[in-house]
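Here is a short report for a reader meeting this structure for the first time. Please look over the sequence and the model before reading on.

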Amino acid sequence: MTTPPIRELTDRARDVFRMVVESYLDTGAPVGSRTIAQISGLNLSPASIRNVMQDLEELGLLAAPHTSAGRMPTETGLRLFVDGMMQAAEPSAEERAAIERNAAERGPVEEALAATTAALSGLSSCAGLVLVPKVEPLLRSFGFVPLSHDRALAVLVGEDGSVENRVVELPGGMDPSALQRAANYLSATFAGLTLSQARARVERELGAQRAALDSAAAALVERGLAVWSEDGGRRPVLIVRGQARLIDTAAAEDLDKVSQLLDQLEGQEEIARLLDSAREGEATRIFIGSENKLFALSGSSVIAKPVRSLDGRVVGVVGVIGPTRLNYARVVPMVDFTAATMARLLA
């Protein structure tokens, strides 16, 4: 069913519809005509309000889950409300401070992103999501730890304090001392460079340095850099925080949907693709229920905003996922503010 333009509704229908939606988003429960009569100030009887609600149901904007349980907005109704009636409420000074405080945490940038995402989750009562390109740290030192006769653990330490490990295959017949020579060479030659810069330099310079390294150590230098570079230098990083917040009192009434949603959050590649679809354009994207296939079964909504650098490049996507009865008016500006904060963090 095509969503009717908001201007096609009468003033009375718009008022009743808005009150049904706002009450449902606040309580998570269907709304009856008596409730609307008590809170609306419209000077309408419950019978008159029921007639209006029936008209809105015939338009596909409201639904009655049970015969006498009142009405609740459909996904079509929520889309109409979000696009045409919602009045956004800017984050409070305390909320802005909490987001900025977490973004300012010292340490690797991914830790600050995780802390900021956790803050967004707590403030929105949703699960927080952020997708950013993997940031290559500047290198500080390398090390190799023997694991067996043909394998070693390669350890990379970044200038930001981050530590990454990779298992590498050792060239046949390598003397243990060659591990130390290779590590010394890597630390001395490539400190202060990113992995991609180190990889490009090694291709140029290693030939001239082979006299200082035996063939086994030289092969290990090349292999160690290759393993790191091929293992996700460009892979996006997806951070999910606050899944437990999805299990609230209202959601617990439908544990099957909660279980489906938590299972869906395990599929990080699918979530990454969904967030990536929000990269285009300036505006915040709102996916309601079945509008995205990934979360159609669990009846969830996703709010996502591109994170742009000072020169306008998209450097990530931040968002939240929660039940369709999200407080959109409050959460959308909160996601916008978090995106702006992360843009400064990733600049």
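A residue counts as buried when its relative accessible area is under 20%. Ala-114 has 10% relative accessibility, so Ala-114 counts as buried. Keep in mind that this is a predicted model.

**Around Ala-114**

Ala-114 sits in helix α6, which covers residues 109-124. Setting aside neighbours within four places in sequence, Ala-114 is in contact with Ile-239 and Arg-241. Ala-103 is 11 residues from Ala-114 in sequence. In space, the two are 8.7 Å apart, C-alpha to C-alpha.

**The chain as a whole**

The protein chain has 12 helices and 10 strands. It has 347 residues, and buried residues make up 46% of them. Now take the contacts between residues at least 6 apart in sequence. Of these, 62% join residues at least 24 apart.

Helix α1 spans residues 11-27, and helix α3 spans residues 46-58. Their axes come within 10 Å and cross at roughly 85 degrees. Angles of 65 to 115 degrees count as roughly perpendicular. The helices α1 and α3 are therefore roughly perpendicular to each other. Which residues make the contact? From α1 come Arg-12, Ala-13, Val-16, Phe-17 and Val-20. From α3 come Ile-49, Val-52, Met-53 and Leu-56. By type, the residues of this contact divide into 8 nonpolar, no polar and 1 charged.

**The nonpolar cores**

The largest nonpolar core has 51 residues. Phe-17, Leu-56, Ile-303, Val-318 and Tyr-328 touch the most other members. Helix α12, residues 328-345, gives the largest share of this core, with 9 residues.

| Core | Residues in core | Members, among them |
|---|---|---|
| Largest nonpolar core | 51 residues | Phe-17, Leu-56, Ile-303, Val-318, Tyr-328 |

Technical notes
Residues numbered from 1 in each chain as written. Predicted model: local features only at pLDDT ≥ 70, side-chain atom pairs only at ≥ 80, totals over all residues. Heavy atoms only, no water. Axes fitted to C-alpha atoms, helices over the stretch in contact; angles between N-to-C directions. Helix = DSSP H or I, 4+ residues; strand = E, 2+ residues; numbered from the N terminus. Parallel < 35°, antiparallel > 145°, perpendicular 65-115°, else oblique. Contact = heavy atoms within 4.5 Å. Nonpolar A, V, L, I, M, F, W, Y, C, P; charged D, E, K, R; others polar. Core = buried A, V, L, I, M, F, W, Y, C linked by side-chain atoms within 4.5 Å. Buried < 20%, exposed > 50% of the residue type's maximum accessible area, 1.4 Å probe, protein only.
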